[in-house]
Amino acid sequence: MNTFKPIKGAYTRKFRPYSYAKNDGVAKEAVSGYLINNGHTILSTEEDYSFDIKSEKNGNTYYSEVEMKRQWFGDWLPSWKEIRIPYRKFKLLNKFKEMNEKDAFFNFYVIRGDMEYAWRIKDYQFTPETVQEIYLSNARRYEYFFHIPYQEAELVQLKEDK
């Protein structure tokens with residue numbers, strides 16, 4: 001089984017309670033609503049330091065991780081060539097692989113600031129080739145991310161039109 005390893009010397013952002021309080025609940029709620037509207041039964045959204053949402057549909061189990069991208073408003077800017085997922089999420093990818101559940105899927109949702117849309121990225125799209133280190137000018141440091149070309153992700157509408 002191919003698993004991701006910690007990167008020696010890599011920066012890992014510390015937990016930010018304020019950001020968590022502001023984003024986690026609303027992100028879970030937005031994606032849970034989307035999943036329910038698409039036939040899922042939500043099994044769990046409890047915080048257990050694992051997957052954010054566990055759901056079931058047609059006998060399959062779905063694990064979902066959610067993350068807000070507050071700087072994304074309106075249409076996706078084509079100059080943002082890829083969607084960047086913090087490398088620290090490798091632990092969830094490894095956990096999903098280790099579970100080796102039949103009929104199970106893992107999706108990662110990157111949610112627009114207004115929670116109208118999200119990019120859905122499937123577990124198999126995270127490969128060693130997608131890992132790159134970039135300089136974050138606003139934080140003045142380097143950090144590793146999974147870089148998923150946005151054309152390879154699926155843009156989903158979280159809220160139904162009224």
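User: What makes Asn 58 stand out in the hairpin of strand 2 and strand 3?
Analyst: In this predicted model, Asn 58 takes a positive phi near 50°. The hairpin has 2 residues between the strands.

User: How do you know that strand 2 and strand 3 pair?
Analyst: Pairing needs at least two bridges. Strand 2 (residues 53–57) and strand 3 have 5, and they run antiparallel. Therefore they count as paired. Ser 55 stands opposite Tyr 62 in strand 3.

User: What makes strand 3 and strand 5 a pair, and in which direction do they run?
Analyst: The cut-off is again at least two bridges. Strand 3 is joined to strand 5 by 9 bridges, so the pair qualifies. These two strands run parallel. Glu 65 stands opposite Phe 108 in strand 5.

User: Why are strand 4 and strand 7 called edges of their sheet?
Analyst: The sheet is open, with 3 strands in the order 4-8-7 and antiparallel pairing. Strand 4 (82–86) and strand 7 (131–136) each have a single partner strand, so one side of each lacks a neighbour in the sheet. Neighbouring strands here are turned by 50° against each other on average, direction ignored.

User: How do you know that strand 7 pairs with strand 8?
Analyst: There are 6 bridges between strand 7 and strand 8 (residues 141–149). The threshold is at least two, so they pair. The two run antiparallel. Val 131 stands opposite Phe 146 in strand 8.

User: What makes up the lining of the largest pocket?
Analyst: The pocket has a volume of about 1900 Å³. Of the 49 lining residues, Arg 13, Glu 67, Pro 86, Arg 88 and Lys 89 are the closest to its centre. By class, the lining has 23 nonpolar, 7 polar and 19 charged residues. Arg, Glu and Lys count as charged and Pro as nonpolar. Helix 1 (17–37) and helix 2 (90–99) are among the elements that each supply at least two lining residues.

User: Which strand gives the largest share of the lining of the second largest pocket?
Analyst: Strand 5 does, with 4 residues. This pocket holds about 180 Å³ of space. Its 14 lining residues include His 40, Tyr 62, Asn 107, Arg 120 and Lys 122, the closest to its centre. The classes are 7 nonpolar, 3 polar and 4 charged.

Methods:
Residues are numbered from 1 along each chain as its sequence is written. This is a predicted model: local features need pLDDT of at least 70, side-chain atom pairs count only at pLDDT 80 or more; totals for chains, interfaces and linings use all residues. Side-chain values use heavy atoms; hydrogens and water are left out. Axes are lines fitted to C-alpha atoms, for helices over the stretch in contact, and angles run from 0 to 180 degrees between N-to-C directions. On a 1 Å grid over the protein atoms alone, a cavity is a set of points where a 1.4 Å probe fits but cannot get out, and a pocket is an open set with protein on both sides within 12 Å along at least five of seven lines; lining residues have an atom within 4 Å of a point. Grid points are joined across faces, edges and corners, and a volume is the space filled by probe spheres set on the points.
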